Amino acid sequence: MDLNASFANRLTQRCRKVGSHLCVGFDPRPDRIPSELIAASSSETTAIADFGRAVIDLVGPLSAAIKFQSAFFEVFGTSGLQVMDELAAHAQACGLITIADIKRADIGSTAEAYARASLGTGHKNTAFDAITVNPWFGSDGVMPFFKRAATMGKGVFVLVRTSNPSSAELLELPLSESSGGGKVFERVAELVKEWGNSMRRSDEESPLVAAVVGATHAEELEHLRAMMPNTWFLVPGVGAQGATMADAAHAFDSEGSRALVALSRGITEPWGKGPAPIAWKSAIESAVKQWNRELDDARKPSR
């Protein structure tokens, strides 16, 4: 990887190249992997690796990015983390932007250690182009990640308005007038914009500091896009969580860009709760094509 390259620019170029704004989420669970792979593997992690490579090969030419949910690898210990690293490297080789969904947060030297582990150092890089972080420690908790990302030419997606229903318990709390009014998630959005501007390079179309905003809150999503016009959004919630591509379309800027719509089970397990069919590869390829069409259609009326 060119350490002088801008993450935001690479992401923009990738979306233009493949004509897609999909981010495929890979959340591997052994009981959902095609039985033929389980039968042919010596361990669950081997089956995950085989399935992951197959998924990447299928979605690579049709998607902008892939997001690895770290928890589903960490549960297998060091062997699981090794598989995640290997799959991320394979995805990068296929041209995909790679995101480690780790939602890390801490302060001081601990935050810096997390940042070095996930984003790399000058001596040892990682196969991830970006990570997710939790902003609840404030500036102290996120700035080490931003600085490390800037050094390594990578990006950081900050949780702003998550897609789960109970997020309202905190994120929709009103702020006092002395604090500027509004709601908590709006203040987080303001901070993301400030952080992004403080870290922005002159050659970047967008700052390296990006936002996670759920499609399950379509009206708020549109409002947040107006608040953060130059920020890249990672948009979960479509499919299994109930949001539609029409909801997710509110995340895009006036040029139809600066957003990645994340889909996991809807692409990697399109057959639903039952066992994987014999033609599971065709099912995955058909699913990613269908979701691309739905997203394109959803963006057309207002573009």
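Residues are called buried under 20% relative accessible area, exposed over 50% and partly exposed in between, taken with a 1.4 Å probe and protein chains only. The structure is a predicted model, in which local features need pLDDT of at least 70 and side-chain atom pairs count only at pLDDT 80 or more, whereas totals for chains, interfaces and linings use all residues. Residues are numbered from 1 along each chain as its sequence is written, and side-chain values use heavy atoms, with hydrogens and water left out.

View 1. At 26% relative accessibility Arg 29 is partly exposed, whereas Glu 269 is buried at 9%. The two residues form a salt bridge (a side-chain nitrogen of Lys or Arg within 4 Å of a carboxyl oxygen of Asp or Glu), and their closest N and O atoms are 3.1 Å apart. Arg 29 belongs to the loop between β1 (22–26) and α2 (35–40) and Glu 269 to the loop between α12 (265–268) and α13 (280–299), so the pair ties together parts that are 240 residues apart in sequence. Helices (H or I, at least four residues) and strands (E, at least two) are DSSP runs, numbered from the N terminus.

**View 2. The salt bridge between Arg 10 and Asp 129.** A search of the whole structure finds 14 salt bridges, one of which joins the side chains of Arg 10 and Asp 129 at 3.1 Å, N to O. Because Arg 10 lies in helix α1 (residues 7–18) and Asp 129 in the loop between α6 (108–119) and β4 (130–133), this pair ties together parts that are 119 residues apart in sequence. Both Arg 10 and Asp 129 are buried. As a general point, side chains of opposite charge can pair when their charged atoms come close.

View 3. Arg 258 lies in the loop between α11 (245–248) and β8 (259–263), and has a positive phi of about 60 degrees although it is not a glycine. The residue is buried, with a relative accessible area of 14%, and forms a salt bridge with Asp 253 in which the closest N and O atoms are 2.8 Å apart. Asp 253 is likewise buried, at 6% relative accessibility. Elsewhere, salt bridges that share partners join Arg 29, Arg 32 and Glu 269 into one network.

View 4. Asp 101 is placed in strand β3 (residues 97–104) and is buried, with a relative accessible area of 6%. Its side chain makes a polar contact with the side chain of Gln 69 at 3.2 Å; such a contact is a pair of N or O atoms within 3.5 Å, where, within protein, one must be able to donate a hydrogen and the other to accept it, and residues adjacent in sequence count only if both atoms are side-chain atoms. Leaving aside residues up to four places away in sequence, Asp 101 touches (heavy atoms within 4.5 Å) Lys 67, Phe 68, Gln 69, Ser 70 and Thr 132. Lys 103, also found in strand β3, is partly exposed at 37% relative accessible area, and its phi is near 50 degrees, a positive value in a residue other than glycine.

**View 5. The nonpolar cores.** A nonpolar core is a set of buried Ala, Val, Leu, Ile, Met, Phe, Trp, Tyr and Cys residues joined through side-chain atoms within 4.5 Å. The largest has 76 residues, of which Phe 68, Phe 233 and Met 245 touch the most other members, and helix α3 (residues 44–59) gives the most to this core, with nine residues. Apart from it lies another core, of 18 residues, among them Ala 8, Ala 65, Ile 99 and Ala 262. Not counting residues up to four places away in sequence, the contacts of Met 245 include Leu 22, Val 261, Trp 291 and Ala 298.

View 6. Trp 136, Leu 170 and Leu 173 make a nonpolar surface patch of about 320 Å². Patches are made of residues with over 30% relative accessible area and no salt bridge, with like charges joined within 9 Å and nonpolar side chains (Val, Leu, Ile, Met, Phe, Trp, Tyr) within 5 Å; accessible areas come from the Shrake-Rupley method with a 1.4 Å probe, and for residues only the protein chains shown count as cover. Leu 170 lies in helix α8 (residues 168–171) and is partly exposed, at 48% relative accessibility.
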